[in-house]
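Student: I have a sequence and a model open side by side. Please show me how to read the features.

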Amino acid sequence: MVDAAEHLTRTERDQSFPYLRPKDAATIILIDRSGAEPKVLMGRRHHGHKFMPGKFVFPGGRVEAHDRYVPVGGELDPSVESRLMQRLRRPSRIRARVLAVAAIREASEETGLLLGTKVASVPKFPDDAFAEAGVQPSLDELHFIARAITPPHRPRRFDTRFFAADARAIAHRVEGIIGPDAELVELIWVPIAAAKELDLPSITHVVLVDLEARIAAGFGHDLPVPYYRMVSRRFVRELL
């Protein structure tokens, strides 16, 4: 879809910063499909943040070392796992799993929403929130929606994988996470069409368009996944 890449190119910002290697990151789109019109969960970032202040975003962040050791229930769908390993110098099932775990952990830390399954006992390492709630993270509900690499010469660069999951995967909610002094000061469930009208980063808008098309196509794990990156100073869109 050329329009998406053109949209990103038109909205490019200052690229005068030194070259940085992008860090692995993951984000998650929670979708409520219980009504006639699907709604997505958007969080508004604190206005005091240096990075994307006041923007509406999906919960997410960079991969942490301990994501490798998180015990999970259901594993990734084979199609999701395969696409997560494409276009990598050292593809591995462990790296694919770590990216998915990071998306679930970030959702927990930023929204208080724990995705997984209620169980009798959960190991306390490395995240006590899941253990205290009796929730084991589960990867089998995750869909791989898009991948995007921040252009070179930006102050921060991420190689971000966008996941999606149905709201029914929420097993528990920790209260008190959202507030005026938190990373996300507001959470809203909003139809996709309305979400696209919010104050969004360019890539978030593009991914919402991709999500809309994916839902219309049946929201299957086997659908191709768009991959956005800059080549020869222009954004391109490939399919994984």
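Reading strands, a helix and a core

Tutor: Start with strand β1, residues 23-32: seven of its 10 residues are buried, so the strand is largely enclosed by the rest of the structure. Buried means under 20% relative accessible area, exposed means over 50%, and partly exposed lies in between, with a 1.4 Å probe and protein chains only. This is a predicted model, in which local features need pLDDT of at least 70 and side-chain atom pairs count only at pLDDT 80 or more, while totals for chains, interfaces and linings use all residues. Residues are numbered from 1 along each chain as its sequence is written, and side-chain values use heavy atoms, with hydrogens and water left out.

Student: How many helices and strands does the protein chain have?

Tutor: Helices (H or I, at least four residues) and strands (E, at least two) are DSSP runs, numbered from the N terminus. The protein chain has six helices and 12 strands. Of its 240 residues, 47% are buried.

Student: Which strands does β1 pair with?

Tutor: Two strands pair if DSSP finds at least two bridges between them. β1 runs parallel to strand β8, residues 158-166, with nine bridges joining them. With strand β4, residues 60-62, β1 runs antiparallel over three bridges. Strand β2, residues 39-45, is also antiparallel to β1, with two bridges.

Student: Where can I see these pairings residue by residue?

Tutor: On the β4 side, A26 stands opposite G61. On the β2 side, D32 stands opposite K39. A hairpin through six residues joins β1 to β2.

Student: What else pairs with β8?

Tutor: Strand β7, residues 143-149, is joined to β8 by six bridges, and the two run antiparallel. One of the partner pairs is R147 with R161 in β8. The charged end of R147 also sits over the ring of Y227, 4.4 Å from its centre. A charge sits over a ring if NZ of Lys or CZ of Arg is within 6 Å of the ring centre and within 35 degrees of the ring normal.

Student: How many aromatic pairs does a search of the whole structure find?

Tutor: Rings of Phe, Tyr and Trp (its six-membered ring) pair if their centres lie within 6.5 Å; planes under 30 degrees apart count as stacked, over 60 as edge-to-face and the rest as tilted. The search finds two aromatic pairs. F58 and F162 are edge-to-face, 6.4 Å centre to centre with 85° between the planes. This pair links distant parts of the chain, 104 residues apart: F58 is in the loop between β3 and β4, and F162 is in β8. Both F58 and F162 are buried. The pair of F144 and F163 is tilted, at 5.9 Å centre to centre and 35° between the planes. F144 counts as buried at 2% relative accessibility, and F163 is buried at 0%.

Student: How do I check the length of a helix?

Tutor: The expected span of a helix is 1.5 Å times one less than its number of residues. For the 19 residues of helix α3, residues 93-111, that gives 27 Å, and the end C-alpha atoms are 27 Å apart, which agrees. Of these 19 residues, 15 are buried, so α3 is largely enclosed by the rest of the structure. Just after α3, G112 takes a positive phi of about 80°.

Student: What is in the largest nonpolar core?

Tutor: In soluble globular proteins, nonpolar side chains tend to be buried together. A nonpolar core is a set of buried Ala, Val, Leu, Ile, Met, Phe, Trp, Tyr and Cys residues joined through side-chain atoms within 4.5 Å. The largest one here has 32 residues, and those with the most contacts inside it include I28, L76 and F163. Its largest share, eight residues, comes from α3. Apart from it lies another core of 22 residues, among them A164, V206, V207 and I215.
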